[in-house]
Amino acid sequence: MSALQIDLETADFVLVNNNLVLIDGPQETQQLITQNLWAWQGEWFLNLLEGIPYLQKIFIKNPTEAESILKAAILGTPNVSQITAFNFQENPQTRVAGLTFKADTPTGPVGGQVLFPPTPPGVAA
């Protein structure tokens with residue numbers, strides 16, 4: 001399977017010589033994981049339960065379920081077989097959190113880092 005490549009900093013499609021770029025394998029899986037982590041619960045009008053409950057369960061005092069919710073989002077990504085490394089850290093004073101992870105897929109390992117709160121794509125930071 002393949003997907004259109006998205007610039008993970010701007011959330012825009014990647015163009016090379018005015019052509020859309022297709023990706024597959026570990027790069028596609030990495031992009032899918034990032035998109036899953038970008039999805040805020042309630043932002044998609046066709047299914048308000050889709051996405052991560054950032055406002056409801058993560059960006060609150062004493063978020064006891066944060067790690068399990070984020071791990072489930074990664075494991076729920078197609079082709080992810082297991083998480084091999086996971087580190088979620090939060091700083092209540094600055095209200096910033098970070099997630100680094102590594103995961104196995106049939107086409108090879110993937111990994112990444114996501115800073116929270118993520119700004120939903122299309123919203124100015």
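In this predicted model, the buried residues of helix 1 are covered by elements that include strand 1 (2-4), strand 4 (22-24), helix 2, helix 3, strand 6 and strand 7. The buried residues in question are Gly25, Glu28, Thr29, Gln30, Gln31, Ile33, Thr34, Leu37 and Trp38. An α-helix has 3.6 residues a turn, so residues three or four places apart point the same way. Helix 1 itself has 14 residues, and the distance from its first C-alpha to its last is 20 Å, close to the 20 Å expected at 1.5 Å a residue.

In soluble globular proteins, nonpolar side chains tend to be buried together.

Which residues does Leu70 touch, leaving aside its neighbours within four places in sequence? Leu70 is in contact with Leu37, Ile52, Tyr54, Ile58, Phe86, Phe88 and Phe116.

Strand 5 (residues 82-91) pairs with strand 6 in the antiparallel sense over nine bridges, and Gln89 has Gly98 of strand 6 as its bridge partner. These two strands form a hairpin with four residues between them. In that turn, Arg95 has a positive phi of about 60°.

Strand 6 pairs in turn with strand 7, again in the antiparallel sense, over seven bridges. Here the bridge partner of Phe101 is Gly112 in strand 7. Strand 6 and strand 7 form a hairpin with five residues between them, and Gly108 in the turn has a positive phi of about 130°.

Positive phi values also occur in two loops. Ala11, in the loop between strand 1 and strand 2 (15-16), has a phi near 65°, a positive value in a residue other than glycine. Is Ala11 buried, exposed or partly exposed? Ala11 counts as partly exposed because its relative accessibility is 28%. Asn17 lies in the loop between strand 2 and strand 3 (19-20). Its phi is near 55°, again positive in a residue other than glycine. With a relative accessible area of 72%, Asn17 is exposed.

Technical notes
Residues numbered from 1 in each chain as written. Predicted model: local features only at pLDDT ≥ 70, side-chain atom pairs only at ≥ 80, totals over all residues. Heavy atoms only, no water. Contact = heavy atoms within 4.5 Å. Expected span 1.5 Å × (residues − 1). Buried < 20%, exposed > 50% of the residue type's maximum accessible area, 1.4 Å probe, protein only. Pairing = 2+ DSSP bridges.
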